[in-house]
Amino acid sequence: MKNIKVGLVAGRHTMPVDRYIFDEIKDVLDFDFLDKGVKKFISSLSVVNGKLNCNLDIYVTGLTSVTISLLSNLKDLNFDKGRITFYHFDRYTNTYKPQII
């Protein structure tokens, strides 16, 4: 199964990712913009009959509204086949800690 590594927003932190969901965000309270960007990202994923057909590693950047928008739009996918893991930066160890949902 394919493993996809993405960061929420480019330029906020150094992340071991292949791409970003957003290149930039001008207004973290523009929820329509966030939802449209997240939906565009989700449409690029391997989804078969509503089931995520890949493993998704998401490196979060501390922008709560962006993370919530992503979770809100992922909730309708079935994760039976794929796995979603959020990675949070641990400033004490300079590593990312996984949180599987």
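**Close-up views of a predicted model**

**View 1. Lys40 on helix H1.** With a relative accessible area of 66%, Lys40 counts as exposed, where exposed means over 50%, buried under 20% and partly exposed in between, calculated with a 1.4 Å probe on protein chains only. Lys40 belongs to helix H1; helices (H or I, at least four residues) and strands (E, at least two) are DSSP runs numbered from the N terminus. The C-alpha atoms of Lys40 and Pro16 are separated by 22 Å, the two residues being 24 positions apart along the chain. The structure is a predicted model, in which local features need pLDDT of at least 70 and side-chain atom pairs count only at pLDDT 80 or more, while totals for chains, interfaces and linings use all residues. Residues are numbered from 1 along each chain as its sequence is written, and side-chain values use heavy atoms, with hydrogens and water left out.

**View 2. The packing of helices H1 and H2.** Helix H1 (residues 31-43) packs against helix H2 (residues 64-74) at an angle of about 50°, and the two axes lie 9 Å apart; axes are lines fitted to C-alpha atoms, for helices over the stretch in contact, and angles run from 0 to 180 degrees between N-to-C directions. H1 and H2 are therefore oblique to each other, since angles under 35 degrees count as roughly parallel, over 145 as roughly antiparallel, 65 to 115 as roughly perpendicular and the rest as oblique. The crossing of H1 with H2 is right-handed, a term that applies if the near helix is turned clockwise from the far one by less than a right angle, anticlockwise being left-handed. On the H1 side the contact (heavy atoms within 4.5 Å) is made by Phe31, Leu34, Asp35, Val38, Lys39, Phe41 and Ile42, and on the H2 side by Ser65, Val66, Ser69, Leu70, Asn73 and Leu74. Sorted by class, this contact holds 8 nonpolar, 3 polar and 2 charged residues, with Ala, Val, Leu, Ile, Met, Phe, Trp, Tyr, Cys and Pro taken as nonpolar, Asp, Glu, Lys and Arg as charged, and the others, Gly among them, as polar.

**View 3. The nonpolar cores.** The largest nonpolar core has 24 residues, and those with the most contacts inside it are Leu8, Phe22, Phe41, Leu56, Ile58, Val66 and Leu70; such a core is a set of buried Ala, Val, Leu, Ile, Met, Phe, Trp, Tyr and Cys residues joined through side-chain atoms within 4.5 Å. Two or more residues of this core come from each of strand E1 (3-9), strand E2 (19-22), H1, strand E5 (55-59), H2 and strand E6 (84-90). A second, separate core of 5 residues includes Met15, Val17, Tyr59 and Tyr87. In soluble globular proteins, nonpolar side chains tend to be buried together.

**View 4. The buried residues of helix H2.** Within H2, the residues Ser65, Val66, Thr67, Ser69, Leu70, Asn73 and Leu74 are buried, and what covers them includes E1, E2, H1, E5 and E6. Not counting residues up to four places away in sequence, Val66 touches Leu8, Val9, Phe22, Ile25 and Leu34, and Thr67, under that same exclusion, touches Leu8, Val60 and Phe86. The relative accessible area of Thr67 is 17%, so Thr67 is buried.

**View 5. Ile25 in the loop between E2 and H1****.** Ile25 counts as buried, at 17% relative accessibility. Leaving aside neighbours within four places in sequence, Ile25 is in contact with Val9, Phe33, Leu34 and Val66. Ile25 and His13, which are 12 residues apart in sequence, lie 14 Å apart in space, C-alpha to C-alpha.

**View 6. Lys5 in strand E1****.** Lys5 is partly exposed, with a relative accessible area of 29%. Between the C-alpha atoms of Lys5 and Leu34, 29 residues apart along the chain, the separation is 19 Å.

View 7. The C-alpha atoms of Thr14 and Asp27, 13 residues apart along the chain, are separated by 21 Å. The phi angle of Asn94 is near 55°, a positive value in a residue other than glycine.
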